[in-house]
Amino acid sequence: MPPPSGRGSAARNEELLRRVAARTIQWQFQAWGFGEAIALRGLLRAARALDDAEMFQFVRALLLAYAGREVGQSPAEHVAPGRELVNVYQRTGDEPLLRAARRLGAMHASFPCGPHGARMHRPDLSGWRRQIWADCMDNEAPFLVLLGTITGEQPYIDQGLDEITAYARLLQDEETGLLFHGHEEACGRNGQLWARGNGWALMGLIETLRLIPRGCPARAELEWRLSRLCAGLIRCQDESGLWHTVVADPGTYLESTLAAMVASSMPAAFEAGMLDEKQYGAMTRMARQAVMNMIADDGSLQLVTEATPVGEHAMYATRRFGVYPWGQGSLLLMLSEACE
């Protein structure tokens, strides 16, 4: 359901966005992990929508503090907010942010490739050194393509496109179009169609496609994979507008992160002509309304599960709910649209 129109509704939208932003800022951004980048991205988008300089400076200060350290020294930084470094650099011209982004880009290029061409992001950890995860599709490719675009350096763009294409080929299920959470070189796919993993893939595909030109050779395959993913999502959406945490298994609980990611990213795909709004508009509106119903009075998004490692079915079916940056960030992105 679209937000109500009128000056009063605009004021209510802004008040809600500020409340969600204030709750998001309470997160302890001490070390980079999955989800913190999207929280900062959401705060940047909210700051722009609200013309809030203080909110923008909060994110800028965090990124400048990070840039002042030895960036790109640990593989754990593969989840660092590279796109956000570039976004703030574009607005401020802060050279330390661009230098930090370049160091992150070099670190990504150093990761080993598996036999299928997909880079392994944690070669330092024995249990994970040959694994890939759908989560990475949102964090790496859009960052690298954006970095290459603003610097004019094609190798960054090629690196990002090669990575997201290799990940999609390894993780996307040929039958449903949905993506498995993980792939291990010796064992193959882990067999679980995790909701939030599909949300990360959706956002990564849309943002990467938004950044590359129409004539880019990688575009046709990425658009096809995006359409296959959305066809799988629409078939599995619950009547509530949410999705089950294992998307194709209605015996698992409903979770809100994928709905927030759908609602925050699909409008850009419609606007850019990647997807048909007549086909997927209702799915997006249902997801948005479901997310609106899940916002608590303190600005937190409810029914968001904790960090979820690649595992067997029980790993996904037993996660705890709480307030996490992946939920808050996608909620901020969704709400900012109504205020811009």
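This is a predicted model: local features need pLDDT of at least 70, side-chain atom pairs count only at pLDDT 80 or more; totals for chains, interfaces and linings use all residues.
Good morning. Helix α8, residues 154–171, lies across β1, β2 and β3 and runs at about 95° to β1.

Three strands form an open sheet in the order β1-β2-β3, and the pairing is antiparallel. The edges are taken by β1, residues 131–133, and β3, residues 188–189; each has a single partner strand, so one side of each is left without a neighbour in the sheet.

A search of the whole structure finds 21 salt bridges. One of them joins Arg189 to Glu174, with the closest N and O atoms 3.2 Å apart. Arg189 belongs to strand β3, whereas Glu174 sits in the loop between α8 and β2, so this pair ties together parts that are 15 residues apart in sequence.

I now move to the helix packing, with two pairs to present. Two packed helices are described by the angle between their axes and the distance between the axes.

The crossing of α3 past α5 is left-handed. On the α3 side, the contact is made by Leu63, Leu64, Tyr66 and Ala67; on the α5 side, by Pro96, Leu97, Ala100, Arg103 and Leu104. By class, these residues divide into eight nonpolar, no polar and one charged.

The second pair is α9, residues 195–211, with α11, residues 257–271. Their packing angle is about 15°, with the axes 9 Å apart. As angles under 35 degrees count as roughly parallel, α9 and α11 are therefore roughly parallel to each other. Their crossing is left-handed. Among the α9 residues that meet α11 are Trp200, Leu202, Met203, Ile206 and Arg210, and the α11 residues involved include Leu258, Met261, Val262, Met266 and Ala269. What classes of residue make up the contact of α9 with α11? There are eleven nonpolar, five polar and two charged residues.

That concludes my presentation. Thank you.

Key:
Residues are numbered from 1 along each chain as its sequence is written. Side-chain values use heavy atoms; hydrogens and water are left out. Two strands pair if DSSP finds at least two bridges between them. Helices (H or I, at least four residues) and strands (E, at least two) are DSSP runs, numbered from the N terminus. Contact means heavy atoms within 4.5 Å. Axes are lines fitted to C-alpha atoms, for helices over the stretch in contact, and angles run from 0 to 180 degrees between N-to-C directions. A crossing is left-handed if the near helix is turned anticlockwise from the far one by less than a right angle, and right-handed if clockwise. Ala, Val, Leu, Ile, Met, Phe, Trp, Tyr, Cys and Pro count as nonpolar, Asp, Glu, Lys and Arg as charged, and the others, Gly among them, as polar. A salt bridge is a side-chain nitrogen of Lys or Arg within 4 Å of a carboxyl oxygen of Asp or Glu. Angles under 35 degrees count as roughly parallel, over 145 as roughly antiparallel, 65 to 115 as roughly perpendicular and the rest as oblique.
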